[in-house]
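Subject: Handing over the structure

Hi,

Here is the structure I promised to pass on.

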Amino acid sequence: MKQQNPRERKRQEKLLEQYEKRRPSIADRFEEAQKRDFNRKPATAKQATDAPRGRTNGNARINNKTSKGKSADAQKTPLTASQRKKNELAVSTRRGEMVHHQRRLTSDVNAQATQHIAGIPVNRSKFNGLGGVQITSAQAKNTKLNPDAVRIIALGGLGELGIGKNMTVIEYKDEAVIIDMGTLFANEDYPGINYMIPDIDYLEKNIKKVKAVLFTHAHLDHIGASRHLLPKFGPLTPIYATEFTIGMIKKQVAELNDEPDLNYNAVDPLKHEQIKVSENLSVEFIHCLHSIPGSTHIVVRTPNGAILVSGDWRFETKPLGIPADYDRLLEIQRTEGFTLMLNEATNNDSPGSHPHSEHDVGDNLGVVMDHYASGRIIVSCFSSQLGRIELILNEAAKRKRKVAFAGFSMINNVEVALRARAIKIPKDTIMKMEDIVKLPDEKVTIVCTGSQGEMNAVLNRMVTGAHKYIKVKASDTIVFSSNPIPGNEPRVVGTVDGLLREGAQVIRNGKSHLHNLGPLHLSGHAYYEDHVKFVTDLKPLNYMPYHGQFFMLEHSAEMAHDVCGIPKDRIIVCDDGDIVELLPNKTIRRAGRIAVGSSLYDDNDRSVHEAVVKDRVHIAREGIFIVVLTLSKKNGHLLKTPDIISRAFVYLDNSEELVGKIRHYLRVKTDKVKGEGDLKALKDEIKDDITHILFDATGHTPIVIPVINKV
Ligand SMILES: [Zn+2]
Ligand SMILES: [Zn+2]
């Protein structure tokens, strides 16, 4: 241990002393919470119902009766009719300004709603396979492929907007295997979109090539797209994965209305079976450790050597179940060697190795149950963390607590895991939600979803009181046995605030020192030093980071080069759609691109077109404005005052002047045209003029829709 200087030691001792004084014992705090009267009606309940309600229909149609179109100015000074007409139609902003605004808006909307479209991504990384030179579109299209090369093409998972959509094709001549079919959860830039899946146009054109579909493990970023994509391959294409993973895929596929006939084959990775999937390709699954049961690496043997596809993995010295079959990897390394390694890059930039094990997490969850022994314990974690769930069950059983699961995916996953014998659970510990709530609080443990602050997940519903059985109360202790996924932090904090406002104790991984506790979560992905060991031990001839955003890929490549000593021209950092060739001489090269992209889905699993997302973004920013004109067929005159509908733009009741101006414009315009000429041109003119008037008044250009009826 490093010698500390005495002054520093003194300072720390003093700090500790102060800390001890300040910190009321956890038990005391808990007792205090117990003393409170939980049944008292909250004072705010009545206030809430008495509070003035917003007018719900304020932006709906208003018709001529409610507005006479009088402007404030017009009321002050009487004007002549012609003056008024001139004034009312005047706009002070030039049309050019509006056009400029519209252009900028369109470009912003496009930039936001089309981030998932790859095109030709910028990649001037020194590891880009082209010496750091950006690929041109001619090169991307016309690079001559080597007929004897093995090609590796990611249809998703490389340089994405987050972690997800993993899908990799490995092909040789007329044979191909697919590894994983994942989803990527959409961020808030995509209103109404839940997730994206890889666009598989390329495969659909080459469907006969596909000899097998392989899955490394059952996380949604690897199997989430299976229900949309597997049916395209039909019953002849074999699907290989571990038993648990297949169980999870079947659950996914069962959500389809027409459940397709699929060719599932469960593999036992401990058997080291080499499955020949075609004349030239064979595959082997190797058991590894990750945060879900049934995780594997996959070795694809090709005429140009063995390719290791890492899947997601972590090292564990004290794992919950069977230790990783690292010896098998070392054996293949010794006997055949890996020509190419695709290594997941997700946590490559986290320093060191995992400082603790799942057992420590389990122990700490047990300590929580001891500290807060007389109240309910609600543990929130990822529903796929079945090892963690097993630990919670064991810790609960030791303390004679019962456990109920809340959340559809949680219950589903536990079922699949039990069926695949992926977890063992203590007897008589699990109860149904409706039964557990009848027990005294000190017996109740609930494991639920919602650790990411999802609005509709169980935890939030328990806060708002929308949950059928549980309303969070001050004697409850809620444990976040998870970390927020980057981007979810604000929502998680929102949930935590909600829980604390109810007076409950909240213990979060990463903040557990506040409660004198150790870690409550373990990441499923290896850290930097683990990667160094992995790559150094397995000595791949070529290295390609995958499963990560661009910065992760780049850092992984730097590590392989700087620390593991792999030469620069044998490392490649790619994007989705880039073709990587593994040549017979065991070198790699970039060889053009295929078209890739994403399909967007809403939370009902329905496909959504990009154009819809663009409209949503546009409307969210600027709103929508509809005018309905009823013209006489005979003379083209307005038969009644036009109806005006404004949504997400201006509140019509507060915009009399603007509405008057628009109505006046429409009257003048229709009088002038007299119903002659073509209707489309009239609509276009009206649309353009109204956009101008609205822009002049508000600085915004909503979507303007003129509707013209002729009667
Ligand atoms: Zn995973
Ligand atoms: Zn993953």
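How many helices and strands does the secondary structure of the protein chain come to? The count is 23 helices and 26 strands; both are DSSP runs numbered from the N terminus, with helices being H or I of at least four residues and strands being E of at least two.

Some ground rules before the details. This is a predicted model, where local features need pLDDT of at least 70 and side-chain atom pairs count only at pLDDT 80 or more, while totals for chains, interfaces and linings use all residues. Residues are numbered from 1 along each chain as its sequence is written, chains are lettered from A and ligands numbered from 1 in the order in which they are written, and side-chain values use heavy atoms, with hydrogens and water left out.

The overall picture

The protein chain has 711 residues, and 51% of them count as buried. Buried means under 20% relative accessible area, exposed means over 50%, and partly exposed is in between, using a 1.4 Å probe and protein chains only. Looking at contacts in the chain with a separation of 6 or more, 74% are between residues 24 or more positions apart. A contact means heavy atoms within 4.5 Å.

The six-stranded sheet

One open sheet has six strands in the order β9-β10-β11-β12-β13-β19, with mixed pairing. Two strands pair if DSSP finds at least two bridges between them. At the edges are β9 (275-276) and β19, each pairing on one side only.

Strand β19 (residues 542-546) is largely enclosed by the rest of the structure, because five of its five residues are buried.

Helices around that sheet

Helix α12 lies across β10 (282-287), β11, β12 and β13, and runs at about 140 degrees to β10. Angles here run from 0 to 180 degrees between N-to-C directions, and axes are lines fitted to C-alpha atoms, for helices over the stretch in contact.

Helix α12 (residues 326-335) also packs with helix α19 (residues 528-538), at an angle of about 40 degrees and with the axes 9 Å apart. The two are therefore oblique to each other; the cut-offs are under 35 degrees for roughly parallel, over 145 for roughly antiparallel, 65 to 115 for roughly perpendicular, and oblique for the rest. Y326, L329, L330 and Q333 come from α12, and they meet K533, F534, D537 and L538 from α19. By type, the residues of this contact are five nonpolar, one polar and two charged. Nonpolar covers Ala, Val, Leu, Ile, Met, Phe, Trp, Tyr, Cys and Pro, charged covers Asp, Glu, Lys and Arg, and polar covers the others, Gly among them.

The buried residues of α19 are D530, H531, V532, F534, V535 and L538. They pack against β11 (296-302), β12 (305-309), α12, β13, β19 and α20 (550-562).

S350 is buried, at 16% relative accessible area, and touches Y527 and Y528, leaving aside residues up to four places away in sequence.

The five-stranded sheet

Another open sheet has five strands, ordered β15-β16-β14-β17-β18, and its pairing is parallel. The edges are β15 (402-406) and β18 (505-508); each has a single partner strand, so one side of each is left without a neighbour in the sheet. On average, neighbouring strands here are turned by 20 degrees against each other, direction ignored. Strand β16 (residues 444-448) pairs with β15 in the parallel sense over five bridges, and A404 stands opposite I446 in β16.

Cysteines

How many disulfides does a search of the whole structure find? The search finds zero, a disulfide being a pair of cysteine sulfur atoms within 2.5 Å. For C448, the closest cysteine sulfur is 8.1 Å away, in C381, too far for a bond. C381 is buried, with a relative accessible area of 1%, and C448 is buried at 0%.

Cheers
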